[in-house]
Amino acid sequence: MDVINKLEPVEHDQTVALVEQYATDTPQSHQCGFIAQSVQTIDELKHSVIGGDIGEDGKEGIRALNYNAIFTYAVKAIQELSQIVKAQQVQINELQAQIRTTC
């Protein structure tokens, strides 16, 4: 959960240069996801950022994300939340039983 809580989901429009460089079948340049530079600041997810190297022209290359690496943390967070919900449901059931016996 701690890693997932550090992520900042955003909606953004790709720059014209990026759309032209990575043209796909989808003409839309509006995206939902994460900004690679932000993800790179999260120690546990640094490995999910690809690119960003300085090219021969001296410019920094485009960064991309390996969303599969992030997905693994999301699954773990869901599992943790599921355990919390189960524990809370047990507690709710116990409290409801106590209420029924005292009324």
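**View 1. Asn66 caps the N-terminal end of helix α4.** A side-chain oxygen of Asn66 lies 3.0 Å from the backbone nitrogen of Asn68. A polar contact is a pair of N or O atoms within 3.5 Å; within protein, one must be able to donate a hydrogen and the other to accept it, and residues adjacent in sequence count only if both atoms are side-chain atoms. This is a predicted model: local features need pLDDT of at least 70, side-chain atom pairs count only at pLDDT 80 or more, and totals for chains, interfaces and linings use all residues. Residues are numbered from 1 along each chain as its sequence is written, and side-chain values use heavy atoms, without hydrogens and water.

**View 2. The whole protein chain holds four helices and four strands.** Helices (H or I, at least four residues) and strands (E, at least two) are DSSP runs, numbered from the N terminus. Along the sequence they follow the pattern α-β-α-β-α-β-β-α. The mean pLDDT (the predictor's confidence in each residue, from 0 to 100) of the protein chain is 86. A pLDDT of 70 or more is reached by 85% of its residues. Among the elements, α4 has the highest mean pLDDT, 95. Helix α2 (residues 16-21) has the lowest, 58. Of the 103 residues, 15% are buried. Buried means under 20% relative accessible area, exposed over 50%, partly exposed in between (1.4 Å probe, protein chains only).

**View 3. Helix α4 spans residues 67-102.** It has 36 residues. From first C-alpha to last it reaches 52 Å, close to the 52 Å expected at 1.5 Å a residue. That expected span is 1.5 Å times one less than the number of residues. The buried residues of α4 are Ala69, Ile70 and Ala77. Their cover includes α1 (2-6), α3 (36-39) and β4 (63-65).

**View 4. Tyr67 lies in helix α4.** Its relative accessible area is 39%, so Tyr67 is partly exposed. Beyond its neighbours within four places in sequence, Tyr67 is in contact (heavy atoms within 4.5 Å) with Gly33 and Phe34. Tyr67 and Val49 are 18 residues apart in sequence. Their C-alpha atoms are 9.0 Å apart in space.

**View 5. The largest nonpolar core has 10 residues.** A nonpolar core is a set of buried Ala, Val, Leu, Ile, Met, Phe, Trp, Tyr and Cys residues joined through side-chain atoms within 4.5 Å. The members are Val3, Leu7, Phe34, Ala36, Val39, Ile42, Leu45, Val49, Leu65 and Ile70. Leu7 is in contact with Phe34, Val39, Ile42, Leu45 and Ile70, leaving aside neighbours within four places in sequence.

**View 6. Leu65 sits in strand β4.** Its relative accessibility is 15%, so Leu65 counts as buried. Not counting residues up to four places away in sequence, Leu65 touches Phe34, Ala36, Val39, Ser48, Val49 and Ile70. Leu65 and Leu45 are 20 residues apart along the chain. Their C-alpha atoms are separated by 9.7 Å.

**View 7. Ser48 occupies the loop between α3 and β3 (49-51).** With a relative accessible area of 0%, Ser48 is buried. Setting aside neighbours within four places in sequence, Ser48 is in contact with Val39, Ala64, Leu65, Asn66, Ala69 and Ile70. Asn66 is the residue that caps α4. Ala69 and Ile70 are among the buried residues of α4.

**View 8. Gly52 belongs to the loop between β3 and β4.** Gly52 counts as buried because its relative accessibility is 15%. Gly52 and Arg63 are 11 residues apart along the chain, and their C-alpha atoms are separated by 4.7 Å. Leaving aside neighbours within four places in sequence, Gly52 is in contact with Glu60, Gly61, Ile62 and Arg63.
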